[in-house]
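Q: Hey, can you walk me through this model? I'd like to talk about the sheet and the aromatic rings.

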Amino acid sequence: MYIPYLMQIEKVTVEAPMIKTFKLKFVNEDEANAFEFKAGQFGEYSVFGEGECTFCIASSPTRKGYIECTFRETGRVTAALAGCEEGDIVGFRGPYGNTFPIDDWAGKNLLFIAGGIALPPLRCVIWNALDLRDKFKDVTILYGARSVADLVYKNELEDWKNRPDVNLITTVDPGGETPDWKGEIGFVPSVLEKAAPKAENTIAIVCGPPVMIKFSMPVLEKLGFTNEQIFTTLENRMKCGVGKCGHCMIGSNYVCKDGPVYRYDELLTLPVEY
Ligand code: FES
């Protein structure tokens, strides 16, 4: 189970300082054809001789034959990964973990709220939903970063902005704007309160730094969202990915198997470290 797929880096995109996206294609065509995953799942990416690191699959399951991951260079393995170039071979184990129940959301409005580098886990669900656009009602994406330079997926943000069937709200922290910035200026929770999306028949999918989550939840509550309408995904607690090492455990809960996707009322039943 620890043997990775061999993946060739087809494309490298520099998203923001220290943040890159890799498009990875399976070296073995049969493996590419047999591979399936669902929105919300993650994998272990390896640089041979260096080790593994955990990221969500950032591409949509509706787009076959490849996967994408977006990562920030934070340590030895991610630095080695960031040093790889187009054409290089890396390893991938997965998909692991549970999934967003996107089929259950048919006929509902979707509200995505993301902060900083937490857009990649939601990008998978966003593209999944947009590729099946007729199934859902209003789609709103609220995305905030510290500064304009820190916004990831700038090309896709442009795409989403130009789509009449997507309401995109982007914001940067005060002081993070540039002279030509046309989005909002302010922290995600206050921009959320101002945008005031309706709670009725809406699912909110929230992912971001703890402080963003902490201050966004009361706003969602004020807007009328119940905990059962809110989903999130936990990251960066995994090592083996398959329920063996215990590294990801919160109480008796294995984030790598029981998660990483949690409905907010389920998340609140976990011990207080989350
Ligand atoms: S990551 Fe090893 S048990 Fe979950």
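Predicted model: local features only at pLDDT ≥ 70, side-chain atom pairs only at ≥ 80, totals over all residues.

Q: What's the strand order in the open sheet of seven strands?
A: The order is β10-β9-β8-β7-β11-β12-β15, and the pairing is mixed. The edge strands are β10 (184-185) and β15 (261-263), each pairing on one side only.

Q: And how do β7 and β8 pair?
A: In the parallel sense, over six bridges, with β7 covering residues 109-115 and β8 residues 139-145. Leu 110 stands opposite Val 139 in β8.

Q: Which strands does helix α3 touch?
A: Helix α3 (residues 119-131) packs on the sheet and touches β7, β8, β11 and β12. Its direction makes about 155° with that of β7. Helix α4 (residues 154-162) lies across β8 and β9, at about 135° to β9.

Q: Switching to rings: how many aromatic pairs are there?
A: The count comes to 14. One of them is Tyr 5 with Phe 92, stacked at 6.3 Å centre to centre with 15° between the planes. Tyr 5 is in strand β1 and Phe 92 in strand β6, 87 residues apart.

Q: Is Phe 92 buried or exposed?
A: Phe 92 is buried, at 0% relative accessible area. Tyr 5 is partly exposed, at 24%.

Q: Where do charges sit over rings?
A: The charged end of Arg 63 sits over Trp 127, and that of Arg 123 over Tyr 153.

Definitions and conventions. Residues numbered from 1 in each chain as written. Heavy atoms only, no water. Pairing = 2+ DSSP bridges. Helix = DSSP H or I, 4+ residues; strand = E, 2+ residues; numbered from the N terminus. Contact = heavy atoms within 4.5 Å. Axes fitted to C-alpha atoms, helices over the stretch in contact; angles between N-to-C directions. Phe/Tyr/Trp six-rings, centres within 6.5 Å; stacked < 30°, edge-to-face > 60°. Buried < 20%, exposed > 50% of the residue type's maximum accessible area, 1.4 Å probe, protein only. Lys NZ or Arg CZ within 6 Å of the ring centre and 35° of its normal.
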